[in-house]
Amino acid sequence: MSLPIGQQRTLESIEGKLAESDPRLVSLFSIFTRLTLTEKMPWIEQVAVRPVADRLGMVAYWFRWKARRPAARVRAMVVLPAVLTAVACALTIAFGFPGSQRHVPGSKAPAARELVIKSRDLMARARLCREKIRIPAFPAFAC
């Protein structure tokens, strides 16, 4: 089982301090390791891996550690809102403004303009049709 780097360093420092305090203890640990190498770990001693909970615990510990120092607390009170504001501004600039796409020359005209032009053409055609209807179809009835 691999441990996070911080926990591994802590265990190694404890091991070094124990080896310095009692040199005979190192030989006893090596004998114990050889005897229990093939045995399965008892279920009561197994530790469940909780990466999310452990990470949240580390973050909470960091905040508690920072809260003990007033200068760090004031710095955090100034920096955190500034960072959050910068992120909000960046997101607003990136996604918030409508029409942020540039107009490319030679591209198709917007749909609303096409509707206006088409409706003008239709009205002109309707006028032509009305004029043809008003003109009599047979010359016999013409005055």
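**Close-up views of a predicted helical protein**

**View 1. The lining of the second largest pocket.** Phe32, Thr33, Thr36, Leu37, Glu39, Lys40, Met41, Pro42 and Glu45 line the second largest pocket, a pocket being an open set of points on a 1 Å grid over the protein atoms alone, where a 1.4 Å probe fits, with protein on both sides within 12 Å along at least five of seven lines, and lining residues having an atom within 4 Å of a point. The model is predicted, and local features need pLDDT of at least 70, side-chain atom pairs count only at pLDDT 80 or more, and totals for chains, interfaces and linings use all residues. Residues are numbered from 1 along each chain as its sequence is written, and side-chain values use heavy atoms, with hydrogens and water left out. The volume of this pocket is about 250 Å³, taken as the space filled by probe spheres set on the points, which are joined across faces, edges and corners.

**View 2. The crossing of helix 1 and helix 2.** The axes of helix 1 (residues 5-21) and helix 2 (residues 23-35) come within 5 Å and cross at roughly 120°, where axes are lines fitted to C-alpha atoms over the stretch in contact and angles run from 0 to 180 degrees between N-to-C directions. Helices are DSSP runs (H or I, at least four residues), numbered from the N terminus.

**View 3. Glu15 in helix 1.** Glu15 has its place in helix 1 and is exposed, with a relative accessible area of 54%, exposed meaning over 50% with a 1.4 Å probe and protein chains only. From C-alpha to C-alpha, Glu15 and Val26 lie 8.9 Å apart in space and 11 residues apart in sequence.

How values were computed: Helices (H or I, at least four residues) and strands (E, at least two) are DSSP runs, numbered from the N terminus. Buried means under 20% relative accessible area, exposed over 50%, partly exposed in between (1.4 Å probe, protein chains only).
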